[in-house]
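Hi everyone, thanks for coming. Please have a look at the model on the screen, and then we'll walk through a few parts of it together.

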Amino acid sequence: MSDAVSPPFPSSLGSALQETRRALDRIERLNPSINAMICTTAEPALRTAEALDRAAAAGEWRGLLHGMTVSVKDNVDVAGVPTTAASVILKDNVARTNAFVVDRLVRNGAVIVGKANLHEWVFGPTSQSQHFGPVRNPWNTGHIAGGSSGGSGASVAAGMCVASIGSDTAGSIRLPASFNGVAGLRPTVGRISTSGSLPVSPPFDTLGPLARRVSDVARVFAAIAGHDPNDPMSAEVPVPNFLAQLNEPVRGLRLGIQRRWFYEDLDPDIAAAMERALDVFRSLGVELVDIDLGDVENAQQMLTFTMIPADAMRLHRDRIAQREADYGADVLMRMRLGENVSGEQYAAAMRWMERWRHRLRGVFQRVDAILSPTTPATAPAAQGLDFAQAIRRIPRFSCAWPIAGIPSLAVPCGFSGDGLPLSLELAAGWYNEPTVLRLGHAYQTLTDHHLRAAPVLHA
(Lines give C-alpha, C1' and ligand atoms only; values in the text may rest on other atoms or scores of the structure.)
Protein backbone atom coordinates (compact mmCIF):
# COMPACT_ATOMS: atom_id res chain seq x y z
CA MET A 1 0.00 0.00 0.00
CA SER A 2 1.18 3.51 -0.74
CA ASP A 3 1.93 6.03 1.99
CA ALA A 4 2.98 8.89 -0.26
CA VAL A 5 3.41 12.41 1.03
CA SER A 6 -0.16 13.69 1.15
CA PRO A 7 -2.20 16.48 2.75
CA PRO A 8 -1.74 16.41 6.51
CA PHE A 9 -5.36 15.54 7.18
CA PRO A 10 -7.58 13.10 5.25
CA SER A 11 -9.43 14.83 2.40
CA SER A 12 -12.69 13.33 3.65
CA LEU A 13 -12.56 15.68 6.62
CA GLY A 14 -12.75 18.65 4.32
CA SER A 15 -11.19 21.35 6.45
CA ALA A 16 -8.70 22.26 9.15
CA LEU A 17 -11.60 23.27 11.38
CA GLN A 18 -13.26 19.87 11.09
CA GLU A 19 -9.99 18.08 11.86
CA THR A 20 -9.32 20.37 14.83
CA ARG A 21 -12.79 19.78 16.23
CA ARG A 22 -12.31 16.06 15.79
CA ALA A 23 -8.97 16.19 17.66
CA LEU A 24 -10.42 18.28 20.49
CA ASP A 25 -13.44 16.00 20.77
CA ARG A 26 -11.15 12.99 21.10
CA ILE A 27 -9.11 14.73 23.79
CA GLU A 28 -12.30 15.49 25.70
CA ARG A 29 -13.59 11.94 25.32
CA LEU A 30 -10.40 9.92 25.79
CA ASN A 31 -8.10 11.97 27.99
CA PRO A 32 -9.85 10.93 31.23
CA SER A 33 -8.74 7.33 30.53
CA ILE A 34 -5.41 7.99 28.74
CA ASN A 35 -4.20 11.16 30.48
CA ALA A 36 -2.01 12.01 27.49
CA MET A 37 -2.66 15.75 27.71
CA ILE A 38 -1.92 18.09 30.58
CA CYS A 39 -3.99 20.86 29.02
CA THR A 40 -5.72 21.81 25.79
CA THR A 41 -5.52 25.06 23.86
CA ALA A 42 -8.97 24.72 22.35
CA GLU A 43 -9.92 28.35 21.75
CA PRO A 44 -6.72 29.43 19.97
CA ALA A 45 -6.68 26.14 18.07
CA LEU A 46 -10.19 26.73 16.72
CA ARG A 47 -9.33 30.32 15.80
CA THR A 48 -6.21 29.13 13.97
CA ALA A 49 -8.15 26.45 12.12
CA GLU A 50 -10.82 28.94 11.03
CA ALA A 51 -8.11 31.28 9.72
CA LEU A 52 -6.48 28.42 7.84
CA ASP A 53 -9.77 27.52 6.19
CA ARG A 54 -10.34 31.13 5.16
CA ALA A 55 -6.84 31.17 3.67
CA ALA A 56 -7.49 27.91 1.82
CA ALA A 57 -10.75 29.26 0.43
CA ALA A 58 -8.78 32.23 -0.92
CA GLY A 59 -6.29 29.88 -2.57
CA GLU A 60 -3.56 30.31 0.05
CA TRP A 61 -1.60 27.37 1.44
CA ARG A 62 0.06 28.25 4.76
CA GLY A 63 2.95 25.81 4.61
CA LEU A 64 3.93 22.17 4.92
CA LEU A 65 1.67 21.56 7.91
CA HIS A 66 -1.45 23.46 6.81
CA GLY A 67 -4.24 22.17 9.07
CA MET A 68 -2.18 19.48 10.82
CA THR A 69 -3.14 19.09 14.48
CA VAL A 70 -0.11 18.91 16.79
CA SER A 71 0.38 18.37 20.52
CA VAL A 72 3.51 19.75 22.19
CA LYS A 73 5.31 18.04 25.05
CA ASP A 74 4.96 20.11 28.19
CA ASN A 75 8.63 20.96 28.49
CA VAL A 76 8.37 23.12 25.35
CA ASP A 77 7.08 26.70 25.56
CA VAL A 78 3.79 27.73 23.97
CA ALA A 79 3.11 31.40 24.63
CA GLY A 80 0.39 32.04 27.20
CA VAL A 81 0.32 28.41 28.40
CA PRO A 82 2.12 26.94 31.45
CA THR A 83 5.24 24.87 30.80
CA THR A 84 5.18 22.47 33.76
CA ALA A 85 7.48 19.57 32.82
CA ALA A 86 4.90 17.59 34.85
CA SER A 87 6.25 19.15 38.05
CA VAL A 88 4.13 20.88 40.68
CA ILE A 89 7.02 23.32 41.08
CA LEU A 90 6.30 24.76 37.62
CA LYS A 91 2.49 24.60 37.65
CA ASP A 92 2.27 28.41 37.30
CA ASN A 93 5.22 28.78 34.90
CA VAL A 94 3.38 30.51 32.03
CA ALA A 95 5.49 30.89 28.89
CA ARG A 96 5.81 34.42 27.54
CA THR A 97 6.96 33.41 24.07
CA ASN A 98 6.89 30.38 21.81
CA ALA A 99 9.81 28.01 21.61
CA PHE A 100 11.71 28.14 18.31
CA VAL A 101 10.02 24.92 17.13
CA VAL A 102 6.55 26.17 18.03
CA ASP A 103 7.11 29.30 15.95
CA ARG A 104 8.19 27.04 13.09
CA LEU A 105 5.07 24.90 13.50
CA VAL A 106 2.75 27.91 13.50
CA ARG A 107 4.47 29.52 10.50
CA ASN A 108 3.94 26.28 8.59
CA GLY A 109 0.21 26.10 9.30
CA ALA A 110 0.06 23.66 12.23
CA VAL A 111 -2.77 23.82 14.76
CA ILE A 112 -1.52 23.43 18.35
CA VAL A 113 -4.20 21.53 20.29
CA GLY A 114 -2.49 21.35 23.70
CA LYS A 115 0.41 20.30 25.92
CA ALA A 116 1.26 16.60 26.26
CA ASN A 117 1.93 14.85 29.57
CA LEU A 118 5.38 13.43 30.30
CA HIS A 119 7.68 11.91 32.87
CA GLU A 120 8.37 14.52 35.54
CA TRP A 121 11.23 16.87 34.68
CA VAL A 122 11.66 15.05 31.33
CA PHE A 123 13.63 12.37 33.18
CA GLY A 124 12.32 8.82 32.99
CA PRO A 125 11.05 6.10 30.63
CA THR A 126 7.62 5.45 32.16
CA SER A 127 5.65 8.76 32.30
CA GLN A 128 4.14 7.75 35.63
CA SER A 129 3.77 11.34 36.80
CA GLN A 130 3.31 11.91 40.53
CA HIS A 131 1.79 15.37 40.11
CA PHE A 132 -0.23 15.19 36.89
CA GLY A 133 -1.06 11.49 36.86
CA PRO A 134 0.32 8.63 34.77
CA VAL A 135 0.04 8.43 31.00
CA ARG A 136 -1.77 5.21 30.03
CA ASN A 137 -1.19 3.20 26.89
CA PRO A 138 -4.03 3.46 24.32
CA TRP A 139 -3.45 -0.18 23.30
CA ASN A 140 -3.94 -1.38 26.89
CA THR A 141 -4.57 1.17 29.61
CA GLY A 142 -3.05 -1.13 32.21
CA HIS A 143 0.34 -0.67 30.55
CA ILE A 144 2.70 2.29 30.45
CA ALA A 145 3.10 4.60 27.46
CA GLY A 146 6.86 5.00 27.77
CA GLY A 147 8.76 8.16 28.48
CA SER A 148 9.63 10.72 28.87
CA SER A 149 7.43 11.81 25.92
CA GLY A 150 4.68 9.41 26.95
CA GLY A 151 1.87 11.88 26.36
CA SER A 152 3.22 12.69 22.93
CA GLY A 153 3.16 9.05 21.85
CA ALA A 154 -0.21 8.34 23.44
CA SER A 155 -1.86 11.47 22.03
CA VAL A 156 -0.90 10.43 18.50
CA ALA A 157 -1.96 6.80 19.01
CA ALA A 158 -5.29 7.91 20.49
CA GLY A 159 -6.03 10.20 17.54
CA MET A 160 -5.87 13.37 19.63
CA CYS A 161 -3.55 14.88 17.02
CA VAL A 162 -1.82 13.93 13.80
CA ALA A 163 1.66 14.67 15.18
CA SER A 164 3.38 15.62 18.40
CA ILE A 165 6.62 17.30 19.38
CA GLY A 166 8.61 15.31 21.91
CA SER A 167 12.11 15.54 23.32
CA ASP A 168 14.78 12.87 23.50
CA THR A 169 17.93 12.69 25.62
CA ALA A 170 18.45 8.91 25.79
CA GLY A 171 15.29 7.51 24.20
CA SER A 172 12.40 9.76 25.19
CA ILE A 173 10.91 10.05 21.68
CA ARG A 174 11.65 6.56 20.42
CA LEU A 175 10.56 4.61 23.51
CA PRO A 176 7.03 6.12 23.55
CA ALA A 177 6.89 5.71 19.78
CA SER A 178 7.66 2.02 20.27
CA PHE A 179 5.16 1.44 23.07
CA ASN A 180 2.35 3.40 21.37
CA GLY A 181 2.72 2.01 17.86
CA VAL A 182 3.75 5.25 16.13
CA ALA A 183 6.87 6.56 14.40
CA GLY A 184 9.27 8.91 16.18
CA LEU A 185 12.40 10.70 15.01
CA ARG A 186 15.32 11.69 17.18
CA PRO A 187 17.35 14.00 14.89
CA THR A 188 21.05 14.77 14.95
CA VAL A 189 21.91 16.92 17.97
CA GLY A 190 21.79 20.53 16.80
CA ARG A 191 19.52 19.84 13.82
CA ILE A 192 16.42 21.14 15.66
CA SER A 193 16.73 24.03 18.10
CA THR A 194 15.96 23.36 21.76
CA SER A 195 15.50 27.07 22.53
CA GLY A 196 12.43 27.49 24.69
CA SER A 197 12.49 23.97 26.13
CA LEU A 198 13.48 22.70 29.56
CA PRO A 199 16.72 20.70 29.39
CA VAL A 200 18.00 17.50 30.98
CA SER A 201 21.51 17.23 29.54
CA PRO A 202 22.13 19.92 26.89
CA PRO A 203 24.84 18.04 24.94
CA PHE A 204 22.39 15.19 24.31
CA ASP A 205 18.95 16.87 24.34
CA THR A 206 17.01 17.24 21.12
CA LEU A 207 13.43 17.78 20.02
CA GLY A 208 11.67 15.77 17.34
CA PRO A 209 8.33 14.71 15.86
CA LEU A 210 6.09 11.69 16.39
CA ALA A 211 3.26 10.61 14.05
CA ARG A 212 1.68 7.44 12.72
CA ARG A 213 3.09 7.88 9.24
CA VAL A 214 6.78 8.38 8.59
CA SER A 215 5.73 10.76 5.81
CA ASP A 216 4.11 13.01 8.44
CA VAL A 217 7.19 12.74 10.66
CA ALA A 218 9.25 13.82 7.64
CA ARG A 219 6.94 16.75 6.93
CA VAL A 220 7.14 18.03 10.51
CA PHE A 221 10.90 17.55 10.60
CA ALA A 222 11.27 19.57 7.40
CA ALA A 223 9.19 22.36 8.94
CA ILE A 224 11.02 22.65 12.27
CA ALA A 225 14.64 21.81 11.41
CA GLY A 226 17.17 24.55 10.81
CA HIS A 227 19.73 26.81 12.43
CA ASP A 228 18.80 28.94 15.43
CA PRO A 229 21.45 31.59 16.23
CA ASN A 230 20.11 31.85 19.80
CA ASP A 231 20.79 28.18 20.56
CA PRO A 232 24.45 27.43 21.31
CA MET A 233 23.93 23.78 20.35
CA SER A 234 22.28 24.58 17.01
CA ALA A 235 24.23 23.50 13.95
CA GLU A 236 24.75 25.70 10.89
CA VAL A 237 24.24 22.78 8.53
CA PRO A 238 21.73 23.29 5.68
CA VAL A 239 18.66 21.06 5.68
CA PRO A 240 18.29 19.55 2.20
CA ASN A 241 14.99 19.61 0.35
CA PHE A 242 14.51 15.88 0.92
CA LEU A 243 10.72 15.51 0.79
CA ALA A 244 10.73 15.18 -2.99
CA GLN A 245 13.03 12.13 -2.65
CA LEU A 246 11.02 10.44 0.10
CA ASN A 247 9.29 8.13 -2.38
CA GLU A 248 12.43 7.19 -4.28
CA PRO A 249 13.29 3.46 -4.26
CA VAL A 250 15.65 2.27 -1.54
CA ARG A 251 17.01 -0.55 -3.69
CA GLY A 252 20.78 -0.72 -3.34
CA LEU A 253 20.97 0.91 0.08
CA ARG A 254 23.03 -1.03 2.62
CA LEU A 255 21.57 -1.77 6.04
CA GLY A 256 23.92 -2.78 8.86
CA ILE A 257 22.87 -5.60 11.21
CA GLN A 258 24.62 -6.38 14.49
CA ARG A 259 23.22 -9.63 15.85
CA ARG A 260 25.17 -9.56 19.11
CA TRP A 261 23.51 -7.45 21.82
CA PHE A 262 20.77 -5.91 19.65
CA TYR A 263 19.19 -9.23 18.71
CA GLU A 264 19.81 -11.06 21.99
CA ASP A 265 17.51 -11.40 25.02
CA LEU A 266 14.46 -10.15 23.11
CA ASP A 267 10.83 -10.92 23.74
CA PRO A 268 10.00 -13.72 21.27
CA ASP A 269 7.39 -11.55 19.53
CA ILE A 270 9.96 -8.81 18.93
CA ALA A 271 12.56 -11.29 17.68
CA ALA A 272 10.06 -12.69 15.19
CA ALA A 273 8.94 -9.23 14.10
CA MET A 274 12.53 -8.19 13.43
CA GLU A 275 13.06 -11.22 11.18
CA ARG A 276 9.91 -10.27 9.26
CA ALA A 277 11.18 -6.70 8.98
CA LEU A 278 14.46 -7.96 7.52
CA ASP A 279 12.45 -9.82 4.90
CA VAL A 280 10.54 -6.63 4.03
CA PHE A 281 13.75 -4.70 3.53
CA ARG A 282 15.15 -7.53 1.40
CA SER A 283 12.03 -7.35 -0.77
CA LEU A 284 12.68 -3.62 -1.19
CA GLY A 285 16.11 -4.42 -2.59
CA VAL A 286 18.05 -3.32 0.49
CA GLU A 287 21.32 -5.15 1.08
CA LEU A 288 21.77 -6.47 4.62
CA VAL A 289 25.35 -6.28 5.90
CA ASP A 290 26.72 -7.84 9.09
CA ILE A 291 28.59 -5.25 11.16
CA ASP A 292 30.60 -5.20 14.38
CA LEU A 293 29.91 -2.26 16.71
CA GLY A 294 32.36 -3.39 19.39
CA ASP A 295 31.36 -2.69 22.99
CA VAL A 296 28.05 -0.98 22.14
CA GLU A 297 26.55 -2.42 25.31
CA ASN A 298 28.53 0.14 27.34
CA ALA A 299 26.62 3.06 25.82
CA GLN A 300 23.83 2.89 28.39
CA GLN A 301 26.18 2.95 31.38
CA MET A 302 28.17 5.86 29.99
CA LEU A 303 25.13 7.92 29.00
CA THR A 304 22.27 7.24 31.40
CA PHE A 305 24.20 6.29 34.54
CA THR A 306 27.12 8.70 34.23
CA MET A 307 26.84 11.78 32.03
CA ILE A 308 23.10 12.49 32.02
CA PRO A 309 22.57 12.12 35.81
CA ALA A 310 25.56 14.36 36.45
CA ASP A 311 24.25 17.00 34.04
CA ALA A 312 20.71 16.76 35.43
CA MET A 313 21.89 17.07 39.03
CA ARG A 314 23.92 20.14 38.10
CA LEU A 315 20.79 21.75 36.66
CA HIS A 316 18.58 20.84 39.64
CA ARG A 317 20.95 21.06 42.61
CA ASP A 318 19.69 24.41 43.92
CA ARG A 319 16.03 23.61 43.33
CA ILE A 320 16.37 20.23 45.09
CA ALA A 321 17.99 21.95 48.05
CA GLN A 322 14.98 24.25 48.34
CA ARG A 323 12.08 21.95 47.37
CA GLU A 324 13.19 18.34 47.62
CA ALA A 325 9.76 17.19 48.84
CA ASP A 326 8.21 18.40 45.58
CA TYR A 327 10.23 15.95 43.47
CA GLY A 328 8.87 12.51 42.64
CA ALA A 329 10.82 9.74 44.36
CA ASP A 330 11.82 8.10 41.07
CA VAL A 331 13.14 11.33 39.54
CA LEU A 332 14.97 12.29 42.71
CA MET A 333 16.60 8.85 42.84
CA ARG A 334 17.94 9.25 39.30
CA MET A 335 19.24 12.74 39.98
CA ARG A 336 20.95 11.59 43.14
CA LEU A 337 22.95 9.19 40.97
CA GLY A 338 24.59 12.29 39.53
CA GLU A 339 25.92 13.34 42.94
CA ASN A 340 28.16 10.29 42.98
CA VAL A 341 29.66 10.76 39.50
CA SER A 342 33.27 11.87 39.86
CA GLY A 343 35.12 14.05 37.42
CA GLU A 344 37.26 11.05 36.54
CA GLN A 345 34.18 8.95 35.75
CA TYR A 346 32.67 11.70 33.62
CA ALA A 347 35.96 12.08 31.73
CA ALA A 348 36.15 8.31 31.18
CA ALA A 349 32.63 8.38 29.72
CA MET A 350 33.66 11.22 27.42
CA ARG A 351 36.65 9.25 26.18
CA TRP A 352 34.43 6.22 25.53
CA MET A 353 32.02 8.47 23.61
CA GLU A 354 34.85 9.78 21.42
CA ARG A 355 35.99 6.26 20.57
CA TRP A 356 32.39 5.21 19.85
CA ARG A 357 31.83 8.11 17.47
CA HIS A 358 35.09 7.34 15.68
CA ARG A 359 34.03 3.69 15.30
CA LEU A 360 30.67 4.70 13.86
CA ARG A 361 32.31 6.94 11.27
CA GLY A 362 33.99 3.84 9.91
CA VAL A 363 30.77 1.81 10.02
CA PHE A 364 28.86 4.44 8.07
CA GLN A 365 31.45 4.29 5.32
CA ARG A 366 30.25 0.70 4.76
CA VAL A 367 26.50 1.00 5.34
CA ASP A 368 23.83 3.66 4.87
CA ALA A 369 21.97 2.89 8.10
CA ILE A 370 21.77 0.42 10.99
CA LEU A 371 18.65 -1.60 11.86
CA SER A 372 17.88 -2.75 15.40
CA PRO A 373 14.88 -3.30 17.69
CA THR A 374 13.76 -0.09 19.41
CA THR A 375 13.09 -1.86 22.72
CA PRO A 376 13.80 -5.42 23.91
CA ALA A 377 10.26 -5.87 25.25
CA THR A 378 6.76 -4.51 24.85
CA ALA A 379 5.28 -1.88 27.16
CA PRO A 380 5.26 -3.31 30.69
CA ALA A 381 2.23 -3.25 32.97
CA ALA A 382 2.05 -0.21 35.20
CA GLN A 383 1.00 -2.12 38.30
CA GLY A 384 3.99 -3.48 40.17
CA LEU A 385 6.49 -1.80 37.84
CA ASP A 386 9.99 -1.76 39.33
CA PHE A 387 11.41 1.63 38.33
CA ALA A 388 15.03 0.66 39.00
CA GLN A 389 14.64 -2.27 36.61
CA ALA A 390 12.67 -0.20 34.11
CA ILE A 391 15.41 2.41 33.67
CA ARG A 392 17.82 -0.39 32.74
CA ARG A 393 15.55 -2.63 30.69
CA ILE A 394 13.44 -0.17 28.65
CA PRO A 395 16.27 2.02 27.20
CA ARG A 396 18.68 -0.89 26.74
CA PHE A 397 19.13 -0.19 23.01
CA SER A 398 18.11 3.45 22.74
CA CYS A 399 21.27 4.98 24.27
CA ALA A 400 23.70 3.97 21.52
CA TRP A 401 22.60 6.66 19.07
CA PRO A 402 22.18 9.68 21.41
CA ILE A 403 25.68 9.28 22.83
CA ALA A 404 26.91 9.47 19.23
CA GLY A 405 24.62 12.40 18.46
CA ILE A 406 23.26 10.71 15.32
CA PRO A 407 19.66 10.53 14.02
CA SER A 408 17.45 7.52 14.58
CA LEU A 409 13.86 6.68 13.74
CA ALA A 410 11.47 4.30 15.51
CA VAL A 411 8.92 2.65 13.18
CA PRO A 412 6.02 0.31 14.10
CA CYS A 413 6.75 -3.26 12.95
CA GLY A 414 3.92 -5.39 14.32
CA PHE A 415 2.07 -6.46 17.44
CA SER A 416 2.65 -8.96 20.20
CA GLY A 417 0.34 -11.87 20.87
CA ASP A 418 -1.48 -9.76 23.46
CA GLY A 419 -1.92 -6.81 21.09
CA LEU A 420 0.88 -4.47 22.17
CA PRO A 421 2.90 -2.60 19.53
CA LEU A 422 6.38 -3.66 18.38
CA SER A 423 8.99 -1.35 16.87
CA LEU A 424 12.18 -1.30 14.84
CA GLU A 425 14.79 1.47 14.83
CA LEU A 426 16.86 2.88 11.97
CA ALA A 427 20.01 4.90 12.70
CA ALA A 428 22.20 6.76 10.19
CA GLY A 429 25.21 9.06 10.17
CA TRP A 430 25.27 12.65 11.33
CA TYR A 431 22.69 14.90 9.58
CA ASN A 432 21.48 11.96 7.52
CA GLU A 433 17.85 12.12 8.63
CA PRO A 434 16.71 11.81 4.98
CA THR A 435 18.04 8.24 4.78
CA VAL A 436 16.27 6.91 7.88
CA LEU A 437 13.06 8.69 6.84
CA ARG A 438 13.29 7.26 3.32
CA LEU A 439 13.90 3.74 4.64
CA GLY A 440 11.13 4.02 7.23
CA HIS A 441 8.70 5.38 4.66
CA ALA A 442 9.57 2.60 2.21
CA TYR A 443 8.93 0.02 4.94
CA GLN A 444 5.50 1.54 5.58
CA THR A 445 4.56 1.27 1.91
CA LEU A 446 4.64 -2.52 2.32
CA THR A 447 3.20 -2.80 5.84
CA ASP A 448 0.10 -1.56 7.62
CA HIS A 449 1.05 -1.77 11.29
CA HIS A 450 0.93 2.03 11.57
CA LEU A 451 -2.64 2.13 10.24
CA ARG A 452 -4.23 -0.05 12.92
CA ALA A 453 -6.38 1.79 15.44
CA ALA A 454 -5.73 1.46 19.17
CA PRO A 455 -8.55 -0.25 21.13
CA VAL A 456 -9.30 2.95 23.05
CA LEU A 457 -10.62 4.45 19.79
CA HIS A 458 -13.27 1.73 19.63
CA ALA A 459 -14.36 2.07 23.24
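Let's begin with a term: on a 1 Å grid over the protein atoms alone, a pocket is an open set of points where a 1.4 Å probe fits, with protein on both sides within 12 Å along at least five of seven lines; lining residues have an atom within 4 Å of a point. Grid points are joined across faces, edges and corners, and a volume is the space filled by probe spheres set on the points.

This is a predicted model, where local features need pLDDT of at least 70, side-chain atom pairs count only at pLDDT 80 or more, and totals for chains, interfaces and linings use all residues. Residues are numbered from 1 along each chain as its sequence is written, and side-chain values use heavy atoms, leaving out hydrogens and water.

So, what is the volume of the second largest pocket? About 160 Å³. Its lining has 16 residues, and T194, S197, P199, P202 and D205 lie nearest the centre.

Next, N35. Helices (H or I, at least four residues) and strands (E, at least two) are DSSP runs, numbered from the N terminus. N35 sits in the loop between α1 (16-34) and β1. Is N35 buried or exposed? Buried, because its relative accessibility is 14%, and buried means under 20% relative accessible area with a 1.4 Å probe, protein chains only. Contact means heavy atoms within 4.5 Å; leaving aside residues up to four places away in sequence, N35 touches N117, F132, G133, P134, V135 and R136.

Finally, the sheet. Two strands pair if DSSP finds at least two bridges between them. Here 11 strands form an open sheet with mixed pairing, and its edge strands are β1 (37-40) and β12 (287-290). Within it, β8 (residues 163-168) and β10 (residues 206-211) pair antiparallel over six bridges, and S167 has L207 in β10 as its bridge partner.

How values were computed
Buried means under 20% relative accessible area, exposed over 50%, partly exposed in between (1.4 Å probe, protein chains only).
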